[in-house]
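Thank you for making time for this today.

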Amino acid sequence: MATSVRATSDGGPPPSGTAPRPPGRRGAPASSSGWRSRLYRLDTKASPYAYIAPFFLCFAAFGLFPLIYTGWLSLNEVQLGGHAKWVGFDNYTSLWDNEFFWKALRNTFTLGVISTVPQLLMALGLAHLLNYRLRARGFFRVAILAPYATSIAAASLVFVQLFNPDYGMINQLLGHVGVDHVQWASSKWPAQIAISTIVTWRWTGYNALIYLAAMQAVSADLYEAAALDGASRWRQFISVTIPSIRPTIFFTIIVSTIGATQLFGEPLIYGGGVGVTGGTDHQYQTLSLYMYDKGWQVGELGQASAVAWVMLLILLLIGAVQLLVIRSNRRKLGG
Amino acid sequence: MAQLTEPVAYPGPRHSSTPQRRTRRLRAGGAGQQNKGGPLAYLFLIVATLVSLFPLYWTVVAASRTDTELVTPPTPLLPGSHLIDNLKIVWDQVDMTKALINSTIVAGCVALSTVLFSTLAGFAFAKLRFRGRNALLTIVVATMTIPPQLTVIPLYQIITNVGWVGHLQSVILPSLVAAFGVFFMRQFLSEALPIELIEAARVDGAHSLRIIWHVVFPVARPAMAVLGMLVFVQSWNDFFWPFIALSQQNPTVQVALAGVGSGNHQIDHAVVVCAALVATLPLLLVFAVLGRQIVSGITAGAVKS
């Protein structure tokens, strides 16, 4: 079977016995087998490229070209609907001198940390629990994924109510344990915690399921061997589970980092009327919001493009660091 | 003990189409580890479930109350009787019918075309040999890391120039195919589609479009359904680019929601939450019916990368 197929894909005539098709079934002249084999060869050679072409065309038009064009715009002074004027690195130097840019950079970093680190740790714990033999396991899995079905906008609007400093349920609950009147909107850290709560709520279940899938692929022998050596369940979790699903952990860290760098909708809607500036004092304005502010409120597309490219550089930097960490980790494990 | 040998329910019924070998490995791995969950495990899981579901439940509560009830502590915990009134006000404030229709059109088009193109490309990357395959696949994966912020400014200029601001095609066209989908289908097809099937069809003289139609699509159908749902959810909830490209005159649901929630005029909080409920309900219904399939879909492509 395999050899005869190899022969066909080399362009030779199809082996007799399987080759003859009912003549005229597709209207192709049965006599011109040379023509047909040429067409066949073209088909096998070209069709893979035809199948992947839609993706690459779409990416070239709506991904690569705008990406490069944004870089070019960042070196120009250009207003919405206006013409570009070359200014070199002026947009970047004016960002460097702008306190709100640095604020946005710091906010993006702190919001990123407090929304991804607890999220991934909780997801890891939940996945471990879901990996036990449980009653109603299917229900638990669907239930913790349910927040994933809500949108950024809807979730943010609901959490704004829950976090309202004057009448929100969360301050009422905190009041019972003696914490009075946290300013979830106007002071910096409470506002950032509230926003990262929205992110964490929406994504923890999703990441837990990804961890769970990885945990279920870990070989049972490893656990048996560990149990024979007298390792406790906690020890097994640390020494068997975590190392075995390390690639998946890296995957989720990278994906969440990318997501955190572009945080936009949650702070925008959380802030309501002052969302674009990230609160009255820019206390939770992210880079993404800052870019929108510059581009669509102020109308300086060149400066907005510079912000976008700063984001790209940051992502590349983070990616490089993560790659280094992954590589050194691999070396430590010996392979 | 009987429960130990029971097949793991989690990969879902659709998993039966993947090769037996893999399923068995998963089961064996799961079974060895299936310590029975103690009371503490249940306690933590119940707390996690409550935290996950409570905001959803409270959305229903707040959507059926009045503004005054919401802003007077203690916050109500049971549904009230004003759901219909609030719905009426939502429809008065924004054209929710139009927004729902628009979202359905956008998410439907994006899901259909993403599934189609991703299946074609995923099949090529999984089963066909061609020059540059690995390098091109690496590029596909790498494009997932590019944030939309880096492309929106030129895209906005383009749609301004061709007069598409506020029109749905400006949101649909850039999302016709997604790297995630290509990768997802490639992962599925490299395991699920036996190369012998393609070779047999080749030997029978089928050209590649016939192979796609009669061999690849039937095998890929379960994964196509899952991918379609995931993309639909994602597209329905997409916010950043629609918020920039569309206006309140012709919004998707998410853009309409941002309009309800912002603005400096006196806001009726119950109405705002009610609008959020309207935007979320269609997906929650899908979730209630197909939750298990979505769960298995999210995890399907995640094990091996």
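This is a predicted model: local features need pLDDT of at least 70, side-chain atom pairs count only at pLDDT 80 or more; totals for chains, interfaces and linings use all residues.

Let us start with the overall layout of chain A, which is divided into domain 1, covering 31–73, and domain 2, covering 90–333. The centres of domain 1 and domain 2 of chain A, taken over C-alpha atoms, are separated by 37 Å. An unreviewed UniProt entry carries the annotation "domain: ABC transmembrane type-1" for residues 105–322 of chain A, and over those residues the chain is 73% helix and 0% strand, with the end C-alpha atoms 19 Å apart.

The UniProt record, again an unreviewed entry, also places the feature "transmembrane region" at several stretches of chain A, including residues 109–130 and 248–265. In the model, residues 109–130 of chain A are 100% helix and 0% strand, and the end C-alpha atoms of that span lie 31 Å apart. Residues 248–265 of chain A are 83% helix and 0% strand, with 27 Å between the end C-alpha atoms.

Now to the packing inside chain A. How far apart are the axes of helix α5 and helix α8 of chain A, and at what angle do they pack? The axes of α5, residues 137–145, and α8, residues 188–216, are 7 Å apart and the angle is about 135°, and the two helices are therefore oblique to each other. On the α5(A) side the contact is made by A:Arg141, A:Ile144 and A:Leu145, and on the α8(A) side by A:Gly205, A:Tyr206, A:Ala208 and A:Leu209. By class, these residues divide into five nonpolar, one polar and one charged.

Further along chain A we come to helix α13, residues 287–298, which is mostly covered, since nine of its twelve residues are buried. Among the buried ones are A:Tyr290, A:Asp293 and A:Lys294. Just after α13(A), A:Gly299 takes a positive phi of about 90°.

Let me turn to chain B, which has 15 helices and zero strands. Of the 305 residues in chain B, 44% are buried, and among its contacts with a separation of 6 or more, 76% are between residues 24 or more positions apart. For chain B, too, an unreviewed UniProt entry places the feature "transmembrane region" at a number of stretches, among them residues 40–60 and 211–233. Residues 40–60 of chain B are 100% helix and 0% strand, with the end C-alpha atoms 30 Å apart.

Finally, the contact between the chains, which takes 93 residues from chain B and 95 residues from chain A. Which helix gives the most to the side of chain B that touches chain A? That is helix α15 of chain B, residues 269–300, with 14 residues. By class, this side of chain B has 56 nonpolar, 32 polar and five charged residues.

The contact is made by A:Val158, A:Phe159, A:Gln161 and A:Leu162 together with B:Pro55, B:Trp58, B:Thr59 and B:Ala62, and by class it has six nonpolar, two polar and no charged residues.

Technical notes
Residues are numbered from 1 along each chain as its sequence is written. Chains are lettered from A and ligands numbered from 1 in the order in which they are written. UniProt positions are given in the numbering used here, feature names are shortened, and annotations may be inferred rather than shown by experiment. Helices (H or I, at least four residues) and strands (E, at least two) are DSSP runs, numbered from the N terminus. A residue is buried if 20 or more other C-beta atoms lie within 10 Å of its own, exposed if 12 or fewer, and partly exposed in between; C-beta atoms are placed from the backbone. Two residues are in contact if their C-beta atoms, placed from the backbone, lie within 7 Å. Ala, Val, Leu, Ile, Met, Phe, Trp, Tyr, Cys and Pro count as nonpolar, Asp, Glu, Lys and Arg as charged, and the others, Gly among them, as polar. Domain bounds come from an automatic or database domain assignment. Axes are lines fitted to C-alpha atoms, for helices over the stretch in contact, and angles run from 0 to 180 degrees between N-to-C directions. Angles under 35 degrees count as roughly parallel, over 145 as roughly antiparallel, 65 to 115 as roughly perpendicular and the rest as oblique.
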